[in-house]
Amino acid sequence: MTDLISYEPATGAKLWSGPEGNADDTVAKAREAWPAWAALPLTKRIEAVRRYANRLRGQSDELADLIARETGKPVWEARTEVEAVIKKVDISVNAYAERTPQRQLSAQQGMRTALRHKPHGVLAVLGPYNFPAHLPNGHIVPALIAGNCVVFKPSEKTPATGAFLVEAFTKSGLPDGVVNILQGGPSVGKNLTANPNINGVLFTGSAQTGIALNRQFAEQPDKILALEMGGNNPIVVWDTDDIHSAAVLVVQSAFLTAGQRCSAASRLIVKDELYDRVVKEVKRIADRLIIDEPFSKPAPFMGPVIDNDVADGLTESFLALMSAGGRPIKHMARPVPDRPFLTPGIIDVTDLEERPDIELFGPILQVIRVPDFDMAITEANNTRYGLSAALIGGSAQQYSQFWSMSRAGIVNWNKMTVGASSEAPFGGVGLSGNHRPSAFYAADYCAFPVVSMEADQTRASIGIGLKDEDHTAVEAK
Ligand code: NAD
């Protein structure tokens, strides 16, 4: 059996190692635990996830430190991730009640119609590395509340954080087999999703993997498949008298978490006349960003990307944009040899004949100048993805036009493309998802509706189309 090893991106130190799991054995455990978990009253399941939240509250510094070490993100940012993990429990309890409630639809003449929801069974949760706790947690908690058991395969790049979360569930007294860790990479993920005894997959990751899963499940319409994928998100800067704030919003959208957010802005679309001032200010702020280890002082704005392979790939992508005719505004550098720190790269791609519509998951911002607002919207939508989009500046009327024309699940005005609220649905169109938004709407696909007509007594008669006892037809009334 292969061992999985996780290294700290910032230092290269070994953080965690452990064996890859066996998907079939793990699913079997979850399957066995499921009937009892689903049969528990909802209040008991809610109590269990609340115990988990309380436990994490007591361990929040420990978890934040671990996330920071394993992903390389600044510890201040890792703390906000832990906060989101804890808050998710109350949000998911509310979401379950609001989105998948038990409701009486009608009641007349001794008959009622009731709407209730049932869990699917065993759900596989596949997580990414950029928010290794918050995103899988956002699928696991709603799945548990609804009465499903979970097999969670964390990213092979963040196994320690995954193990920490599952241990927190187990130590909060959830019955054995209800939440299970399955460590491993894509091949273990494939074994898990191929197991006939899972009832669905809740996935957060790249479009490439999401499409592979979509294909794999094409002939299994009975299984729930929720795909949360990437983006190639636009931020449009239009008329504003506060160029500095506009530039701050651009920098935060593009470079928080070293650009490793699905909702990060990858394309700055800017009005011709504002171009020089906006681009100069964005560069000036980007030049000042502190890029350092997660615990260093003064606190960094961003850390490294997840590993050297990813840093190499991003460096190559920046060079490819340059060779295709892009004009670098700020070169992407690799300040520490052999470590995946990258300085933000900014490149003007206005004159590229063909701009690659791919997600560059790191600190690269492509700039496109446009002559008018219609062109800005056309450029914003010039992608197969559709996760987030933001307009900075512009009038209320322009925002209204931007909002109605934008093909994205998150459309903001004078706010970053990132930092969505967990109390809202989170998802996109195009290659960004399969219309199963997560966060508040995750409740929707963790349970299915069952409608029942119910009466306390067995009373029935046929009023029409029945022969009389003496074989003459009953008159229709
Ligand atoms: P990834 O697609 O490489 O991996 C995601 C998970 O799927 C991992 O656990 C991986 O081991 C597993 N996996 C990979 N191939 C598989 C296969 N064929 N079958 C089954 N499982 C497989 O994604 P990543 O690189 O870990 O994460 C970064 C990506 O996630 C980016 O594209 C980012 O935009 C996206 N993301 C999306 C959201 C969202 O909510 N929309 C949030 C965060 C990240």
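Predicted model: local features only at pLDDT ≥ 70, side-chain atom pairs only at ≥ 80, totals over all residues.
Residues are numbered from 1 along each chain as its sequence is written, and side-chain values use heavy atoms, with hydrogens and water left out.

Domain 1 covers 3-229 + 433-454 and domain 2 covers 233-421, with bounds that come from an automatic or database domain assignment. The contact, meaning heavy atoms within 4.5 Å, takes 22 residues from domain 1 and 24 residues from domain 2. Together the two domains bury about 1,800 Å², with 64% of it on carbon and sulfur atoms; buried area is the accessible area (1.4 Å probe) that two parts lose on being put together, summed over both. Of the area that domain 1 buries against domain 2, Pro9, Ala10 and Tyr129 supply 27%, more than any other three residues.

Side chains of opposite charge can pair when their charged atoms come close.

| Pair | N to O distance |
|---|---|
| Arginine 261 and glutamate 77 | 3.2 Å |
| Aspartate 444 and arginine 99 | 2.7 Å |
| Aspartate 307 and lysine 157 | 3.6 Å |
| Lysine 271 and glutamate 273 | 3.8 Å |

Aspartate 444 and arginine 99 form a salt bridge that links distant parts of the chain, 345 residues apart, with aspartate 444 in the loop between strand E18 (438-439) and strand E19 (447-455) and arginine 99 in helix H4. Helices (H or I, at least four residues) and strands (E, at least two) are DSSP runs, numbered from the N terminus. Aspartate 444 is partly exposed at a relative accessible area of 32%, and arginine 99 is partly exposed at 30%, where buried means under 20% relative accessible area, exposed over 50%, and partly exposed in between (1.4 Å probe, protein chains only).

In the pair of lysine 271 and glutamate 273, lysine 271 counts as buried at 12% relative accessibility, whereas glutamate 273 is exposed, with a relative accessible area of 59%. Elsewhere, Arg112, Arg116, Glu454 and Asp456 are linked in a network of salt bridges.

Methods
Salt bridge = Lys/Arg side-chain N within 4 Å of Asp/Glu carboxyl O.
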